[in-house]
Amino acid sequence: DRAPSSEEQIMDPATIIGLVLAFGSLYAMITLEGAHLSALLLPAPYVLESPGPTFNTIGEIGDSPLITIEGEQTYSTSGELALTTVYVSGGPNGAVNMGEVVGAWLDPQDAVLPVDFVYPPGTTRGEIQEGNAEAMTSSQESAVAAALDELGIPFTEEISVAGIMEGAPAEGVLETGDIIVSVDGNPVTSVESLRESLNATGGDAAGITVRRDGEEQTLEVTPSLAESGAYQVGAYLSIDFTFPFEVAIALENVGGASAGMMFALGIIDKLTPGELTEGHRFAGTGTIDADGQVGPIGGIEQKMVGAAESGAEFFLAPVANCDDVTGNIPDGLEVVSVSTLEEALTAVKTLASGSGAGDLARCP
């Protein structure tokens, strides 16, 4: 309705038709792109693992010590003996979408795993939380036992039957709730002593003395040879410890058994004069049993990254995780491999002093 100014141009019909076609193509591209974006928001059957925070076992969490010992002399500490964690998302914890999966694939610090590789089909979030809580409680008790054993502090350990495997030698002989007292007259004071006594039978019938309903009785069981090369009776075991003083570990919203070794080191540091780390910052991971054996864990690549990002100088890794450690060590982090609490304690002392560190075991 008005004449164009000198800055405006009048479009001829061909130009108009061209623009209409161009806008049509652009609309199609936007629609197609929108479909791709929508696909990225769809739930994906994967579990994502990423580096989590670290917690200093000889430090504080909030306003309270992470480890509190009552009824026994404790000593001041310094530096860090940090346990490491992994953030886990996906699966029963809440589905992740394809966009998050793609982002994790592109991030070398993260791991992407099929849900069924991590959790059995049908596993619920409640079952995961309950299992993690039980594993954490068990690891804390084992850590206290291992630490006290390393320090030569006596405690009692009661082994009982928690269940029987179907078709096992113990079926129909042992019962759930039986407290195992001895094997062929040899007192059972730990799981290790039970293993030793069963292996000593060489597969011959053994007289297992149990306490059932308050009374002792001796039952005959013939152990079978397992694939591991050890003799077993096919009973699931439960362990009850009685310690000479109270050790409390305050750590919420963290589950699983992988902090056992670091808990044990923290307890040892608090119960011994001097400062174990000499002010250095250590981190690590690994399960532990009452006999001080350190076992493998999952997500060690992410845990090493979390340790490095938190400022750790040294990292203690289970020997059984060496395949995952090799080639994945972050810059500036020195990693030592251990298989027992004694080796872990020696490694900390050696690295803290700065002498003899070259003799410590490393992952090849």
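These legends describe close-up views of a predicted model.

Local features are given only where pLDDT is at least 70 and side-chain atom pairs only at pLDDT 80 or more, whereas totals for chains, interfaces and linings use all residues. Residues are numbered from 1 along each chain as its sequence is written, and side-chain values use heavy atoms, with hydrogens and water left out.

**View 1. Confidence along the predicted chain.**
The mean pLDDT of the protein is 87, where pLDDT is the predictor's confidence in each residue, from 0 to 100. A pLDDT of 70 or more is reached by 89% of the residues. Residues 1–30 have pLDDT below 50. Beyond near neighbours in sequence, this stretch has 4 contacts in the model, a contact being heavy atoms within 4.5 Å. Where pLDDT is low, the predicted coordinates should not be read in detail.

**View 2. The open sheet of 6 strands.**
The strand order is β8-β2-β6-β18-β21-β22, with mixed pairing. Strands (E, at least two residues) and helices (H or I, at least four) are DSSP runs, numbered from the N terminus. Two strands pair if DSSP finds at least two bridges between them. At the edges are β8 (111–114) and β22 (334–338), each of which pairs on one side only. From one strand to the next, the twist averages 35°.

**View 3. Pairing of neighbouring strands within the sheet.**
Strand β2 (residues 46–56) runs antiparallel to strand β6 (residues 80–90), and the two pair over 8 bridges. N56 stands opposite A82 in β6, and V47 stands opposite G90 in β6. On the next pairing, β6 and β18 are parallel and share 4 bridges; here E80 has R281 in β18 as its bridge partner. β18 and β21 also pair in the parallel sense, over 3 bridges, and the bridge partner of G284 in β21 is L316.

**View 4. Helices lying across the sheet.**
Helix α2 (residues 98–106) lies across β2 and β8 and runs at about 60° to β2. Angles run from 0 to 180 degrees between N-to-C directions, and axes are lines fitted to C-alpha atoms, for helices over the stretch in contact. Helix α9 lies across β6, β18 (281–284), β21 (314–318) and β22, and its angle to β22 is about 150°.

**View 5. Helix α6 against helix α9.**
The axes of α6 (residues 260–271) and α9 (residues 341–353) come within 10 Å and cross at roughly 60°. The two helices are therefore oblique to each other; angles under 35 degrees count as roughly parallel, over 145 as roughly antiparallel, 65 to 115 as roughly perpendicular and the rest as oblique. The crossing of α6 past α9 is right-handed. A crossing is right-handed if the near helix is turned clockwise from the far one by less than a right angle, and left-handed if anticlockwise. M261, A264, L265 and I268 of α6 meet L341, A344, L345 and V348 of α9. By class, the residues of this contact are 8 nonpolar, no polar and no charged. Ala, Val, Leu, Ile, Met, Phe, Trp, Tyr, Cys and Pro count as nonpolar, Asp, Glu, Lys and Arg as charged, and the others, Gly among them, as polar.

**View 6. Helix α4 against helix α6.**
The axes of α4 (residues 125–151) and α6 come within 8 Å, with a crossing angle of roughly 45°. That angle makes α4 oblique to α6, and their crossing is right-handed. On α4 the contact includes M136, S139 and Q140, and on α6 it includes G260, F263 and A264. The residues of the contact comprise 11 nonpolar, 3 polar and 1 charged.

**View 7. Helix α4 against helix α9.**
α4 packs with α9 at an angle of about 70°, their axes being 10 Å apart. The two are therefore roughly perpendicular to each other. A146, A147 and E150 of α4 make the contact with L341, E342 and L345 of α9. This contact has 4 nonpolar, no polar and 2 charged residues.
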